[in-house]
Amino acid sequence: MFSRAEWKQRRSEENKRRHAEPVRRAPGWDDTLPVACISISAAARHLEVKQNELFAWLSESQWIARNDATSTWTGCEAPIEQGWLAIRRKSIGFQRYVYQVVVTPCGLNELTRRFYGIK
C-alpha cells in the first residue's frame, strides 16, 4: 500500500512520461510546430510573388496536391520527409479542425533557392 505522497509522486511521474513527447499521427503532422512555420500565403508574401503563382509552382513541383474529396491542399510525402513542409492542425471552433500545410524555415530557404534558381 502506498502513502498519499508516494501515490501523488507516482502519478506525477506517469503524467510526465505520458506527455513528454507529442503524439505523431502521421509524417509531418504535428500539433506543436514551432512558431517559425508559416503558411503558404505568408511564404508567397515573403518571396514577393502572387499566391496563385506560388500555389501553381508548388503543385507542378509536387510539393502540394489537391485533395479531391475536400478540395483542400495537402502536402506531398517527399517535402514533408525532407522537413520542408509540415501539416498543422488548426482549430476553427469547438471541436472543429482544419489541416493546413505550412512551410518550415528550412522549406522557405529551399523555396527561395528553387523558385529563383539560386544554386
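Just after helix H5 (residues 105-115), Gly-117 takes a positive phi of about 70°. Helices (H or I, at least four residues) and strands (E, at least two) are DSSP runs, numbered from the N terminus.

The model is predicted, so local features need pLDDT of at least 70 and side-chain atom pairs count only at pLDDT 80 or more, while totals for chains, interfaces and linings use all residues. Residues are numbered from 1 along each chain as its sequence is written, and side-chain values use heavy atoms, with hydrogens and water left out.

**Overall content**

The chain has 5 helices and 5 strands, in the order α-β-α-α-β-β-α-β-β-α from the N terminus. Of its 119 residues, 28% are buried; buried means under 20% relative accessible area, exposed over 50%, and partly exposed in between (1.4 Å probe, protein chains only). Contact means heavy atoms within 4.5 Å. Among contacts between residues at least 6 apart in sequence, 44% join residues at least 24 apart.

Gly-107, Leu-108, Glu-110 and Leu-111 are the buried residues in H5. Seen down the helix axis, they fall within an arc of 165°, so they line one face of H5. The arc is that of the directions from the helix axis to the C-beta atoms. These buried residues pack against strand S1 (38-39), helix H2 (40-47), helix H3 (51-60) and strand S5 (96-103).

In H3, the buried residues are Leu-54, Phe-55, Trp-57 and Leu-58. Their arc around the axis is only 165°, which puts them on the same side of H3. The face turned away from that buried side carries the exposed residues Asn-52 and Glu-60. The cover over the buried residues of H3 includes H2, S2, strand S3 (72-75) and H5.

H2 and H3 pack at an angle of about 110°, with their axes 9 Å apart. Axes are lines fitted to C-alpha atoms, for helices over the stretch in contact, and angles run from 0 to 180 degrees between N-to-C directions. The two helices are therefore roughly perpendicular, a class that spans 65 to 115 degrees (under 35 is roughly parallel, over 145 roughly antiparallel, the rest oblique).

**Aromatic pairs**

Rings of Phe, Tyr and Trp (its six-membered ring) pair if their centres lie within 6.5 Å; planes under 30 degrees apart count as stacked, over 60 as edge-to-face and the rest as tilted. The count comes to 5 aromatic pairs. Two of these are tabulated.

| Pair | Centre distance | Plane angle | Class |
|---|---|---|---|
| Trp-57 and Phe-115 | 5.5 Å | 80° | edge-to-face |
| Trp-63 and Trp-84 | 5.2 Å | 15° | stacked |

Trp-57 in H3 and Phe-115 in H5 are 58 residues apart, and their pair links distant parts of the chain. Trp-57 is buried at 19% relative accessible area, whereas Phe-115, at 21%, counts as partly exposed.

Trp-63 lies in the loop between H3 and strand S2 (64-67) and Trp-84 in the loop between helix H4 (77-82) and strand S4 (85-93), so their pair ties together parts 21 residues apart in sequence. Trp-63 is buried, with a relative accessible area of 1%, and Trp-84 is buried at 12%. Ring pairs link Trp-57, Trp-63, Trp-84, Phe-115 and Tyr-116 into a cluster.
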